Amino acid sequence: MLRFLTAGESHGPILTAILDGMPANLPLTAEWINAELARRQQGYGRGGRMAIERDQVHLGGGVVAGKTTGAPIALLVENRDYRNWAEKDIPPMTVPRPGHADLTASVKYGYRELRLSLERASARETTMRVAVGAVCKRLLAEFGIQVQGYVVSIGDVEADLPDLADSASYQARFAAAEASDVRCPDPEAAERMHAAIRATIQAKDTLGGVIEVVALGVPPGLGSHVQWDRKLDGQLLAAVGSVPSVKGAEIGRAFQLTRLRGTAVHDEIERAEDGSLRRRTNRAGGLEGGITTGEPLIVRAALKPIATTLTPLNSVDLASGEPRQIEYERSDFCQVPRGVPIIEAMVAFVLANALLEKLGGDSVDEMRPRFAALRRNHLADLPMDNQTWQFGYQYSLK
Ligand code: EPS
């Protein structure tokens, strides 16, 4: 349904993306996308590159007079740093950084210069994911769906962030996170995270962490249980797992729940006065059987510490074959606060795709009545035959 590709190198002239499958008549401006790009540029622990860039999108196709046409959307961001590299004599890079793609990509592609691996593997590419995600968020917003996240932990500092019962409480949590330079809504933990990053910078090292992204207003019935590649859990985990430095992902508190028994895990269902069906808790993180439940959708991502460390790690000089320590240029010290909009973007893309799959339609106008007619968690939407029945397969075993 919806697909996107990105292209461009970290120090090349441009980054670009094509987003195909967006319906027509969706209001879309560069300002909307730029606001998301700016969020990716902020956060304590960022490196020197963000002082150079002022990421601004150019809409090169698929958007006319402020509305999508249904044609592929062409997105372009210029790398301001390009002018510093375009004419430069660049010293050879022959010592691969442990934990980066320097060695693996060179083994795979036969590069004779390690910088070619770095240029495409750099998280600079996530600029375009955020731009694509902003367009997806714009579509979701038409249907009252919001995707936003925050930092749960950095290093060994963990915030106390229990699941919340209503959307207003999540809104307050989002606002608190945006007001924090480590994007953590728990002010006490945020202060300790800030200190942990500061200590890491002083120690010339890097620090990872965990991000939680919540989608509010998601209707029940997105995704499917009928085929492996249509299960929304799998799609979300794959999308989030593709973000640079992400080495783990979970729906809700999956790893923690493995410690409990089933009766302490599953969300009991109850009927309200008006006939609507509710879950008392949301430990499932908004998904059962690969399908959305209508509860807040919760996705977590584990980010390893960035591989470019100011304190050198041991490696091998591929030119001489001798042991050598890596040479440092610059990088982020902690990418976790800046990673929030990137994880949001991937979740928004998967959800926009699932919404389009459910509703069909070539324009937002065609989607609207179909959205309004969706089956909900309500007795009135779920009439049961309540009779004895037979399978009736036309297949007899010999
Ligand atoms: C990034 C830009 C890059 C990296 C960073 C992400 O800029 P430069 O290489 O010019 O400093 O700082 O990428 C990584 C940390 C990485 O390990 O790939 C950006 O725009 O986010």
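In this predicted model, Tyr 150 stands opposite Glu 212, a residue of strand S9. This pair is a handy place to begin a walk through the sheet. Strand S7, which covers residues 146-154, is joined to S9 by 8 bridges, and the two strands run antiparallel. Strands of a sheet pair through backbone hydrogen bonds, and the pairing can be either parallel or antiparallel.

Stepping back from this pair brings the whole sheet into view. The sheet is open and holds 5 strands in the order S8-S7-S9-S15-S10, with antiparallel pairing. Strand S8 (157-158) and strand S10 (246-251) each have a single partner strand, so they stand at the edges and one side of each is left without a neighbour in the sheet.

Rolling a probe the size of a water molecule over the atoms shows where empty space is left. The second largest pocket has a volume of about 330 Å³. Its lining is made up of 17 residues, and those closest to the pocket centre are Leu 164, Ala 165, Asp 166, Glu 295 and Pro 296. Strand S9 (209-216) supplies at least two residues of this lining, and so does strand S12 (277-279). Sorted by class, the lining of the second largest pocket has 6 nonpolar, 5 polar and 6 charged residues.

Which side chains place a polar atom by an oxygen atom of the ligand? Arg 40 is one of them, with a polar side-chain atom 2.7 Å from a ligand oxygen. For Arg 330, a polar side-chain atom lies 2.8 Å from an oxygen atom of the ligand. His 100 also has a polar side-chain atom placed in this way, at 3.0 Å from an oxygen atom of the ligand. On its own, the ligand has 470 Å² of accessible area, and the protein covers 91% of that area.

Note on methods:
Residues numbered from 1 in each chain as written. Predicted model: local features only at pLDDT ≥ 70, side-chain atom pairs only at ≥ 80, totals over all residues. Heavy atoms only, no water. Polar contact = N/O pair within 3.5 Å; in protein donor to acceptor, adjacent residues only side chain to side chain. Areas by Shrake-Rupley, 256 points an atom, 1.4 Å probe, with all protein chains shown as cover. 1 Å grid on protein atoms, 1.4 Å probe; cavity = no way out; pocket = protein on both sides within 12 Å on 5 of 7 lines; lining within 4 Å. Points joined across faces, edges and corners; volume = space filled by probe spheres on them. Helix = DSSP H or I, 4+ residues; strand = E, 2+ residues; numbered from the N terminus. Nonpolar A, V, L, I, M, F, W, Y, C, P; charged D, E, K, R; others polar. Pairing = 2+ DSSP bridges.
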